[in-house]
Amino acid sequence: MPTLVGFGAFAELPEEQITEKISRRILSGDQGMVVWWSIRAGVHVEPHSHVNEQIVWMLKGKMEFRLGSEQRVCGQGDVVVIPGGTEHEAWFREDTKVIDFFAPPRDDFLLGGKPAYMSKVEQFDPSSHAQTGRTFHLLRAARRDTGAGHL
């Protein structure tokens, strides 16, 4: 994935199909990267962290998002700032459009292909809040039982 210098149009960037429910367009400069995501209802993005600072901007839809030990439902217009090294995960309740900004750019995204934490993308029933809440509590209990902490 090349970097861009000068002018361009976001809609002209190639759309990369990650899974049948996830696609993205990537725009990268030398110091920062913007990723436009289209994510369909029912996707769970596994817990992960990366050295890059990440800013999430919700354009459309809803997602349940865990940042460290705090969890919230985010909707249109909401933003999340994720410091580098902080574990996070997301459950998408409905079809969603999200813009992510990363600094520095993510080398793994520039290479293309599915991110490692999406290797086991799980689907859940987006209409069942109890299921997503139960999943979150089970994950916290598993971390507590194994002594696994946040990165």
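Start by selecting Ile 55, which sits in strand S5 (residues 53-60); strands here are DSSP runs of E, at least two residues long, and helices are runs of H or I, at least four, numbered from the N terminus. You're looking at a predicted model, where local features need pLDDT of at least 70, side-chain atom pairs count only at pLDDT 80 or more, and totals for chains, interfaces and linings use all residues. Residues are numbered from 1 along each chain as its sequence is written, and side-chain values use heavy atoms, leaving out hydrogens and water.

Stay on Ile 55: its relative accessibility is 32%, so it counts as partly exposed (between buried, under 20%, and exposed, over 50%, with a 1.4 Å probe and protein chains only).

Now colour the open sheet of six strands, with order S1-S2-S3-S10-S5-S8 and antiparallel pairing (two strands pair if DSSP finds at least two bridges between them). At the edges are strand S1 (16-19) and strand S8 (79-82), each pairing on one side only.

Next, pick strand S2 (residues 22-28) and strand S3 (residues 33-39): seven bridges join them in the antiparallel sense. Click Leu 27 and look across to S3, where Val 34 is its bridge partner.

Finally, zoom out. The protein has two helices and eleven strands, running β-β-β-β-β-β-β-β-β-β-α-β-α along the sequence. Of its 151 residues, 43% are buried. Count contacts (heavy atoms within 4.5 Å) between residues at least 6 apart in sequence, and 68% of them join residues at least 24 apart.
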